[in-house]
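Reader: Please take a close look at a single part of this structure and describe its surroundings. One connected account will do.

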Amino acid sequence: MNSASPIPTIALLTDFGTTDVYVGTMKAVMARLCPAVRFIDITHAIQPQNIQQGAFTLYTCYRYFAPGTVFLTVVDPGVGGVRRPLAAQAGDYSFVGPDNGVLSYALAEHDDVLAVELSNPDYRLEAVSTTFHGRDIFAPAAAHLAAGVPLAEFGPVIEDYYRLPAPQLVIQGSIIEGEVIHVDHFGNIVTSIGEIRRSVSGGLYLIAPFGRGQQRQPVITLPSAVTIQLGTLKLARIHRTYSEVAPGAALALVGSSGFLEISINGGSAAQVFNIAIGDPVTLQIG
Amino acid sequence: MNSASPIPTIALLTDFGTTDVYVGTMKAVMARLCPAVRFIDITHAIQPQNIQQGAFTLYTCYRYFAPGTVFLTVVDPGVGGVRRPLAAQAGDYSFVGPDNGVLSYALAEHDDVLAVELSNPDYRLEAVSTTFHGRDIFAPAAAHLAAGVPLAEFGPVIEDYYRLPAPQLVIQGSIIEGEVIHVDHFGNIVTSIGEIRRSVSGGLYLIAPFGRGQQRQPVITLPSAVTIQLGTLKLARIHRTYSEVAPGAALALVGSSGFLEISINGGSAAQVFNIAIGDPVTLQIG
Amino acid sequence: MNSASPIPTIALLTDFGTTDVYVGTMKAVMARLCPAVRFIDITHAIQPQNIQQGAFTLYTCYRYFAPGTVFLTVVDPGVGGVRRPLAAQAGDYSFVGPDNGVLSYALAEHDDVLAVELSNPDYRLEAVSTTFHGRDIFAPAAAHLAAGVPLAEFGPVIEDYYRLPAPQLVIQGSIIEGEVIHVDHFGNIVTSIGEIRRSVSGGLYLIAPFGRGQQRQPVITLPSAVTIQLGTLKLARIHRTYSEVAPGAALALVGSSGFLEISINGGSAAQVFNIAIGDPVTLQIG
């Protein structure tokens, strides 16, 4: 446990929704095994069985948590099949989930990843079901990790954990091709074009996300004159914030996670534009 | 307070939804009366005023919680009327809620139930409304119980608390008749046929749930050759897990709570089959 | 920190929904800065960018929280623009949010309000985005306040914080004119006619909410014979509780927050009556 975080903290990210007992039951199991634990829900609204959305969501938020946080990430269409259960440590964090890539965007940012298969029955519930490893394998592992059990106790090291392919992001000369990766609660359309950072001089540049460039160096600079195209929508610049355009007008900006977003000031871009996850988006420089 | 659970824990199960202030206000009241409390939300998405769904939901999850947990269970269509407010202790747990049967499936599993009417005004808010006993009566009682106030302080013992009839489960020779009791977030169709357990030799047997057989002895064994019928759907065996059938195919399996479920591997059975809560389902042996 | 509340508590109220990482990320930031913190979610389902609904919701529940609670209230359509970020202390509570009126109904109840602009960069995240001040400015301020940093440290005192106009409530002789202000999860229609209190003799009287009458004195008494009109619906009295009318029948009653509500016993008034937020409702005495 990190001295700055005296309360062991487990952050939860699943596709379980909140209408069933699944999330509450996992918390019950964890509170039993690590009585002092605190839970922070990231979201339970990952599209059912959408591993890539889970991986992207974890990637965009895990770095804001206190060192020592354990991430319980369960998007698990293969439960009961051959996919392995996984725990990993990377940087200041621990991660628990199925070995289907849901952890891999976060892990790809680190060169100190230590991953093990969760095979030790001492750290599972006594009866393991074939349909709810979140409760029977992953929650107990997260709780024991939060309580201080060393990672090596859980099972053998594995090097070949599954790396999920990154979302579309191709830079060809002055054209960047990405895709729609998420639509948020406000109807903001989040694209895979990122991460975009602002330099001290105010200019924008792009670094490769998802561990594509582990050194996270600038890949390309973005001038003020650009052409962004999403379906029939064309936008000519990247704005700083919503109020720079009129209420009801569309704009492109760099979202809070560093990815290019298409928004409407005071409205929902997703309601106005007929967009689906995976739709192509291009950004042309000049 | 149990020594294994130094943090007093209150688990919440309601039909309040999460769009209003109702759940947050109950937590505010409880944190004020039991400052060290931890909350675990089971769900607040019980169908409004559906007492049986609330009772079933509590039944399927309460046993995973740490000893000492207090369950605040409010599905209360009769608020402000003649139904009594109730608190009970059974096994290692305490339960608080209206005396309309919402606690009764969980209580039926125990032969040491001690139930009282919540009549002592010292453990209510000063002003008790006629529409929100969750805030004014049940939450204060749960908090005081979590803080260690003995059950007998809250009011007189009652023996005749309301027992809700169990969901449909009739065994006639080789035919078991049940009903659809829940549809989960993934579209899995949960039936009242259960609880089903797996013996060490791998065979399945059924025990009577909801306290029908308080000894919880095997009632009937389930061979591998069965015929399950739900509407026009017929299935010929009980599978172990989703991946035993092709993606998109329907299957029956024993869900994580021990009840027979109808699912689709990688899909939503509820979207494919036109099913309502209460629809009959039969399982024929041989 | 108040001695009755040894755990620093932050209550959250936003329009962020729970499908994105926004709420979890704010909690991550706060747990990092105030490791002992406890969170209580009020709701994250405020209609996107509906400042008045946020202000009303905060007003109806904040008084139930323990002294010392910090309220993090983010409904922030003007993020990144000119509106100021605000923190205030009033009565036993602290409040953090944008200076757009979302805090103002709660603040109006107090004559000891001390408000400051959140301008001190020491209490913000290092990099402040232009789209998510919840994470970068408001959450850090709430956490530092919960950890005991004095309000004066955050920035200069401001007297002219924005006061949102109160919802419609006009008393003209024997007629009270209000509007629909909220529809809850059960379909109860909440109006701006309130707050209504019951005297020890059982009679009803109305006090002016939202700080209109800071002394909170009775403004008008409500006899048993009234005529309530909402669209084509007419009701002749204010009932005490749902079960006083037949199942399926409509009634008016005083809701748990003290405002006049239109309900259906055992049903959803919002489903039966075609009502929108802002629709006029009148109560005629006699």
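**A buried glutamate and the B–C interface**

Author: In this predicted model, Glu261(C) sits in strand 17 of chain C, which covers residues 260-264. Glu261(C) is buried but has no salt bridge. The nearest side chain of opposite charge belongs to Arg135(B), 8.9 Å away; a salt bridge would need the side-chain nitrogen within 4 Å of a carboxyl oxygen. Apart from neighbours within four places in sequence, Glu261(C) is in contact with Asn188(C), Ile189(C) and Val190(C), with Leu251(C), Ala252(C) and Leu253(C), and with Gly255(C) and Ser256(C).

Val21(B), Arg32(B) and Thr131(B) supply 22% of the area that chain B buries against chain C, more than any other three residues. Across this interface the rule finds 0 salt bridges, whereas 15 residue pairs are in polar contact, both residues being at pLDDT 80 or more.

The largest nonpolar core holds 69 residues. Those touching the most other members include Met30(B) and Leu72(B) from chain B and Phe65(C) and Phe95(C) from chain C. Helix 4 of chain B (residues 133-146) gives the most to this core, with 8 residues. Sequence neighbours within four places aside, the contacts of Met30(B) include Ile10(B), Phe39(B), Leu72(B) and Ala139(B).

How values were computed. Residues numbered from 1 in each chain as written. Chains lettered and ligands numbered in written order. Predicted model: local features only at pLDDT ≥ 70, side-chain atom pairs only at ≥ 80, totals over all residues. Heavy atoms only, no water. Helix = DSSP H or I, 4+ residues; strand = E, 2+ residues; numbered from the N terminus. Buried < 20%, exposed > 50% of the residue type's maximum accessible area, 1.4 Å probe, protein only. Lys, Arg positive; Asp, Glu negative; His and termini not counted. Contact = heavy atoms within 4.5 Å. Core = buried A, V, L, I, M, F, W, Y, C linked by side-chain atoms within 4.5 Å. Buried area = accessible area lost by both parts, 1.4 Å probe. Polar contact = N/O pair within 3.5 Å; in protein donor to acceptor, adjacent residues only side chain to side chain.
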